[in-house]
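Thanks for passing this one along. Here are my notes, as numbered points to read beside the model.

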Amino acid sequence: MTTPQTTEKQVAEAVIVQFDFAADMSAGETISTVVSVVSVNQNLVGGSSNLSTGSNSAGGTVAQSLISGGTDQEKYKLTCIVTTSAGQTLETEGFMWVRNV
């Protein structure tokens, strides 16, 4: 399983987040499809908004998604699910803090 990563962005930013599945794949195996990228609000800030995910793509062993929105001081869990050229379905998680500086 890929080790979860933690990253951060500011509220107004739209950033590309990468999910690296290399540790879970065999030599020559590649990502065929990004099935989904979803975010779950950790509810640290009352009334906080969700992140938007979109423009998912993959190359080799890395999937990526454009992440935008969110609420200042909120933490979000990001989950990425992919299928591979070997027929595997893989999932990894990471966390994103939204913090204005």
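1. Let me start at threonine 79, which is placed in strand β6; strands here are DSSP runs of E of at least two residues, and helices are runs of H or I of at least four, numbered from the N terminus. Threonine 79 counts as buried because its relative accessibility is 12%, where buried means under 20% relative accessible area, exposed over 50% and partly exposed in between (1.4 Å probe, protein chains only). Apart from residues up to four places away in sequence, threonine 79 touches Ser36, Val37, Val38, Glu91, Thr92 and Glu93; contact means heavy atoms within 4.5 Å.

2. A word on the ground rules. This is a predicted model, in which local features need pLDDT of at least 70 and side-chain atom pairs count only at pLDDT 80 or more, while totals for chains, interfaces and linings use all residues. Residues are numbered from 1 along each chain as its sequence is written, and side-chain values use heavy atoms, with hydrogens and water left out.

3. On the overall fold, the chain has seven strands and zero helices, running β-β-β-β-β-β-β from the N terminus. Of contacts between residues at least 6 apart in sequence, 69% join residues at least 24 apart.

4. The C-alpha trace spans about 45 × 20 × 20 Å along its principal axes.

5. Now the interior: 34% of the 101 residues count as buried. The largest nonpolar core has 17 residues, and Phe19, Phe21, Leu51, Ala63, Leu78, Cys80 and Val82 touch the most other members. Such a core is a set of buried Ala, Val, Leu, Ile, Met, Phe, Trp, Tyr and Cys residues joined through side-chain atoms within 4.5 Å. Elements giving two or more residues to this core are β2 (14-20), β3 (31-41), β5 (62-69), β6 (74-84) and β7 (89-98), and β6 gives the most, with four residues.

6. Leucine 51 deserves a look: beyond its neighbours within four places in sequence, its contacts include Lys9, Ile67, Tyr76, Leu78, Met96 and Val98.

7. Finally, which residue has its charged end over the ring of tryptophan 97? That is arginine 99, 4.1 Å from the ring centre. Lysine 75 lies over the face of phenylalanine 95, at 4.6 Å from the ring centre. The criterion is NZ of Lys or CZ of Arg within 6 Å of the ring centre and within 35 degrees of the ring normal.
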